[in-house]
Amino acid sequence: MTSNFDFSSYLSSANLLPARLNANSNEVNDSPQFEVTVLSGGYTNFTARVTFPEPIPLATASSSTRTYESVILKHAPPHLATDSNIPMSVARQATEARALELITGAPIQFDQDNPVESVKAVKEVLDRYPIIQVPAVIHYDTEKNVLWLEDLGDLKSVAEALAASSSDATSGEDPTLKNALQELATQLGSFLAEFYQASETLPAELVDRLVSLSNVYTSGTFEYLVNSTRDSLEGAPGIDEKEKEELVKRVEASLTDKQMRKARQRAEKVALSIVHGDSIQTDDEENPCLGMVDFWPGSVLVNLDWKKCGLIDWEYFGMSDEASELGMFLAHIHITKFKPSTSPGGQERLGKFMSALFQAYSHHSPSKARSKDFQRRFLISHGRELVNGIGMYQDLGAKGSQNVMEAGIRSLRAAGGSSNELNLESLWEGSDESGGIWLSEILSSLGFLVPET
């Protein structure tokens, strides 16, 4: 993806680099003082890696100084980076900065002059899983809407790495790589379960302030998802108008259920309290679960030996539902399975990775994963992302697109009109035998009672 933001000009005028790297310096040096590489894969922001000829000291957001060989810069335009016709609040960068400060245990800079002290609960979870890494905030330029982040290294999307051909070094055919892949999936599943749990223990006032940031723009995202689902199902084979609207209604209800309505009400209260300087008063006694919200394989990056897993792109961080996040993540893995370029070995690795991840998650949250409400929300999110994914992925081909649409419809049907109407048998109606086995093994590892295939 090309960037409409000139990172080189920004760096030359930002006055954040040491003088010898700044174009405003009087020092004469004809050699490049930094190298900018625009990164692809994101939809929301323009992102670049900046590499320096030698490590340089930079003051971090927590007022300490560290040396860096490279940094990641993210610029937030007032619209989606991939579509200037879709407006989006630049407040998303404040959301990501605050989320990363929370997770990495740094002081949370809601107010630059009076930051909230670091919170240990989430950082302690991160520390328990050394493979899982989250970038630290170096600097947040609120004037230019540029976020400076720690560079986790040259990583690739987990879906891309898993789908690689068997001749690729990342294939996992080597026993050492297989074990490393298993360990990465296990740590990721365990981290997610404990992360969601830890977020429920955070002080209510902190949760309210975090949620109020992302609430500025997520409501529009929910509306977009509903409309996109309706458009994607238009003319889908085997669905009449009545069923289409019923499936869309399920998606809409899942995005605006009681918990999500409470989140928005809480966010409105905290926004008013900040404006008027009042203390925050809420009626909701249960702290909500927080999460990425937009949790997909593009936010999970890995290296070639499966020894590092970076979690990036936290700009939607806020009120969430772990069932929906996990369903969304599986949907994009599921889509990758249907790509013509994904080898049989890649399909197998995708399935085994998800089974190991879900098994670890279920081990930490067994009762939650087995509840009908959880499974219904999971299926709706999974189905929604599948049917919408056809427009997102351009390399599926006709057969792949058909398979994705059919799988998405099956998930939305299986969710039923309520948790008491869950119909898991619908997941395999019309599914080919190999695809049914692939999905059943994954869902059974999460606690779904699936029929024998």
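What percentage of the 453 residues of the protein chain count as buried? The share is 54%, where buried means under 20% relative accessible area, with exposed over 50% and partly exposed in between (1.4 Å probe, protein chains only). This is a predicted model, in which local features need pLDDT of at least 70 and side-chain atom pairs count only at pLDDT 80 or more, while totals for chains, interfaces and linings use all residues. Residues are numbered from 1 along each chain as its sequence is written, and side-chain values use heavy atoms, leaving out hydrogens and water.

The protein chain has 14 helices and 13 strands; these are DSSP runs numbered from the N terminus, with helices (H or I) of at least four residues and strands (E) of at least two. Among contacts in the chain with a separation of 6 or more, 69% come from residues 24 or more positions apart, a contact being heavy atoms within 4.5 Å.

Five strands form an open sheet in the order S1-S2-S3-S8-S7, with antiparallel pairing; two strands pair if DSSP finds at least two bridges between them. Strand S1 (35-39) and strand S7 (137-141) are the edge strands, each pairing on one side only. On average, neighbouring strands of the sheet are turned by 25° against each other, direction ignored. Inside this order, S2 (residues 46-59) and S3 (residues 65-75) pair in the antiparallel sense over 10 bridges. Thr 47 has Lys 74 in S3 as its bridge partner.

Helix H2 packs on the sheet and touches S3, S7 and strand S8 (146-150). The direction of H2 makes about 155° with that of S7; axes are lines fitted to C-alpha atoms, for helices over the stretch in contact, and angles run from 0 to 180 degrees between N-to-C directions. H2 spans residues 91-104 and contains Thr 95. Thr 95 counts as buried because its relative accessibility is 1%. Not counting residues up to four places away in sequence, Thr 95 touches Leu 213, Ser 214, Tyr 217, Trp 314, Glu 315, Tyr 316 and Phe 317.

Further along are helices H12 (residues 372-392) and H13 (residues 397-414), whose axes come within 8 Å and cross at roughly 155°. H12 is therefore roughly antiparallel to H13 (angles over 145 degrees; under 35 is roughly parallel, 65 to 115 roughly perpendicular and the rest oblique). Residues of H12 in the contact include Leu 379, Leu 386 and Ile 390, and those of H13 include Val 404, Ile 409 and Leu 412. The contact residues divide into 11 nonpolar, five polar and one charged, where Ala, Val, Leu, Ile, Met, Phe, Trp, Tyr, Cys and Pro count as nonpolar, Asp, Glu, Lys and Arg as charged, and the others, Gly among them, as polar.
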